[in-house]
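Have the viewer ready with both chains loaded. The tour goes from the contact between the chains to two single residues.

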Amino acid sequence: MANNGENPSPDVGGKTVKLKADDGEIFEVEEAVAMELQTVKSFFDDDGVSYDTVVPLLNVSSTALAKVIQYCRRAVELRAKSGDDEGANEKAREEREGLEAELVREESDEGIKELILAANYLNIKDMLSFLCRAVGDRIKNKSVEYVRRFFVLENDFSPEEEERTRNEVAWAFEGVDAD
Amino acid sequence: MSRKKPRTRSTLAEKPDLFDDLPDDLVVFILCKLSASASRPSDLVGILVTCKRLNRLGLHPLVLSKVGPKALAMKAKNWSDSGHYFLKQCVDAGNVEASYTLGMIRFYCLQNRGSGVSLMAKAAIKSHAPALYSLAVIQFNGSGGSKSDKNLRAGVALCGRAAFLGHVDALRELGHCLQDGYGARQNITQGRRLLVQANARELASVLRSCSSPTWHRSHPWVNSSGCGLLSDFGCDVPAREVHPVNQFLKEWFVSGRGELGQELRMCSHSGCGRPETRPHEFRRCSVCGTVNYCSRGCQALDWKVRHKAECVPMERWLEADGGGGDEVGDVVEGMVVGEI
């Protein structure tokens, strides 16, 4: 059904949107799910863009996009279930937190970084928020070396500068987790 | 804002650099989450030693403004100029907890009364309940000045605002003030009602936090053998959490890091940590005269938790300051909830 620049009709059940990852792979997703990705949403908000157009997402790998879509799909489902009921809301929130924990638990550090960049590019606020929180938890109270490896940083302090910086923060230290 | 770094790992040769390096704004976002959830200073501060970029981003005002009270909770024995400077940077970034923490430390430990009060006031203006309460205690006692610097009405007003925000100690203090007509017109029923409310709130918050699975892991300092505080409700719950800065004050003076002037005592309630700023500033238990407290709230709490069991009547003491209504006289029993 071609929709030339008009707003879609209210009964859009079953309408899908096509997203193309950086390697050319096409993902077909339900409209409600696709609209979770604010970047995609604003792509279609422009007049004259038909819903049949394939959205090019050149900065997102297909693996990352697959995971993002999977998360958004379940998030949309959970939101639809909860509605106004206080009890159901609480339960839905717990389920969503379980879903988030599951997603990050198995990810390698590289994988999480990739997801963060994808969520940032696609502008998905909730996902970016919990991913960053998960990264924060991962580097919490880890050794300096671990954090350097995680962010792939080189130590650019000179020995004197490093000594000075360590002294400046000595007040905080009482014991650090093993990597 | 993203910096391209030379890639030495050949396995990633096919991927664009963008995936291997996070731009500054995302790193700041991550560090904000970290600082907000950090439960110890070392959780966050280690980041600053990794490299210049993280040092710069870790000290970004946005990150500093989100640092929580637990991450600011340095040990008194580790206090140093650099620790002091870190707190100051957090204050400048607009961190309310840091304003309160540094205010308390400057007022009581470093004896810099003016700066301490103004920092606490900064937090109080942003509706920080503990800051409002601490300022009230200072007003009630005329801390940092003489007996004539006491301002009971101001104390009551500040307690009122803290109580409105749900601060349990302030509620309790206010209840006592109303019962005794101290700083406000006497209203016994209303005072009593506030005391009951304070106990109820305390029970609710302790039960709520007890049921959290991470509670015991993150509160190692809490005495797990329960306290008599809520025994009137028929349950024995662990003593409630103490704000990190009270812990700091206590360690500071007990360890001898800070000198307590001659004749100056500390508040006998173990969760308080406040010292007197002039001799005989605090009120003594009129029954035994061996313990003293900075506020009625501390007295009430300590009575229930500890002192009731050990208080032995000696000759009656009057507040050595002389007249002026300092006498602690009313033992706390009367307002115990069990009676109601």
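**The interface**

Colour the model by chain: between chain B and chain A, about 3,800 Å² of area is buried, and carbon and sulfur atoms give 67% of that. This is a predicted model. Contacts link 41 residues of chain B with 41 residues of chain A.

Next, select Glu161(A) and Lys52(B), whose side chains form a salt bridge (3.6 Å, N to O). The count of salt bridges between chain B and chain A is one. Seven residue pairs are in polar contact across this interface, with both residues at pLDDT 80 or more.

Now show the side of chain B that touches chain A. The elements giving two or more residues to this side are helices H1 (24–37), H2 (41–45), H3 (52–58) and H5 (81–92) of chain B. H1(B) gives the most, with seven residues. By type, the residues on this side of chain B are 19 nonpolar, nine polar and 13 charged.

**Two loop residues**

Go to Glu107(A), in the loop between helix H4 (86–105) and helix H5 (109–122) of chain A. Is Glu107(A) buried or exposed? Glu107(A) counts as buried because its relative accessibility is 12%, under the 20% limit. Its side chain makes a polar contact with that of Lys67(A) at 2.8 Å. Leaving out residues up to four places away in sequence, Glu107(A) touches Lys67(A), Ile112(A), Leu115(A) and Arg138(A).

Finish at His243(B), in the loop between helix H12 (215–218) and helix H13 (244–254) of chain B. At 18% relative accessibility, His243(B) counts as buried. The side chains of His243(B) and Glu97(B) are in polar contact at 3.1 Å. Under the sequence exclusion of up to four places, His243(B) touches Pro69(B), Glu97(B), Tyr100(B) and Thr101(B).

Notes: Residues are numbered from 1 along each chain as its sequence is written. Chains are lettered from A and ligands numbered from 1 in the order in which they are written. This is a predicted model: local features need pLDDT of at least 70, side-chain atom pairs count only at pLDDT 80 or more; totals for chains, interfaces and linings use all residues. Side-chain values use heavy atoms; hydrogens and water are left out. Helices (H or I, at least four residues) and strands (E, at least two) are DSSP runs, numbered from the N terminus. Buried means under 20% relative accessible area, exposed over 50%, partly exposed in between (1.4 Å probe, protein chains only). A polar contact is a pair of N or O atoms within 3.5 Å; within protein, one must be able to donate a hydrogen and the other to accept it, and residues adjacent in sequence count only if both atoms are side-chain atoms. Contact means heavy atoms within 4.5 Å. Buried area is the accessible area (1.4 Å probe) that two parts lose on being put together, summed over both. A salt bridge is a side-chain nitrogen of Lys or Arg within 4 Å of a carboxyl oxygen of Asp or Glu. Ala, Val, Leu, Ile, Met, Phe, Trp, Tyr, Cys and Pro count as nonpolar, Asp, Glu, Lys and Arg as charged, and the others, Gly among them, as polar.
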